[in-house]
Amino acid sequence: MQYNNQLNVLKMLFLISGILNLITAVVWLFNTILGAVAFCGLGCMIGVLPIISTISCVLDFMVYNRLKNNNKTGTYSLIKFASIFDIIAIMTLNITSTVFGITALVMISKPEVKQELVNRGIY
């Protein structure tokens, strides 16, 4: 696989993961509100789950934007950070984003992909 194609795959992984995290955040927010109304303590206990999904969603869209526009340095560290948050998304039962996060970490650990980021000036 060409390295440019690997960056395109990364870009699509983060786009899909961002959309899934957005859906997960909305569902958990609805469940939190419903749990708070129905059972007073339950809403407070699951209130952190929409926050995790929202942070992961924002990070995924930031990485997607940086890979799409090729205009910011520090993209490599943001990809690592977003991938770690995607792995943490397993707490919200978002298994697909977790798999995408692991895949992204494996892909960016290749020296060829790092070199492609350096060549584009967004490392």
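**Close-ups of a predicted model**

L22 sits in helix α1. Keep in mind that this is a predicted model.

View 1. L22 counts as partly exposed because its relative accessible area is 44%, which falls between the 20% and 50% cut-offs.

**View 2. Inside the largest nonpolar core.** Now for the inside of the model. The largest nonpolar core has 19 residues, and the ones touching the most other members are L10, F14, V63, L67, I79 and L117. At least two core residues come from each of α1 (3-38), α3 (48-69), α4 (75-88), α5 (95-108) and α6 (111-120). The top contributor is α4, with five residues.

**View 3. Zooming in on V63.** Which residues does V63 contact, leaving aside its neighbours within four places in sequence? They are F14, L78, I79 and A82. V63 is also one of the buried residues of α3.

**View 4. Helix α3 from end to end.** This helix has 22 residues, and you'd go 32 Å from its first C-alpha to its last, close to the 32 Å expected at 1.5 Å a residue. Its buried residues include L49, P50, I52 and L59, but also S53, D60 and R66. Just past the end of α3 comes N70, with a positive phi of about 55°.

Notes: Residues numbered from 1 in each chain as written. Predicted model: local features only at pLDDT ≥ 70, side-chain atom pairs only at ≥ 80, totals over all residues. Heavy atoms only, no water. Core = buried A, V, L, I, M, F, W, Y, C linked by side-chain atoms within 4.5 Å. Buried < 20%, exposed > 50% of the residue type's maximum accessible area, 1.4 Å probe, protein only. Helix = DSSP H or I, 4+ residues; strand = E, 2+ residues; numbered from the N terminus. Contact = heavy atoms within 4.5 Å. Expected span 1.5 Å × (residues − 1).
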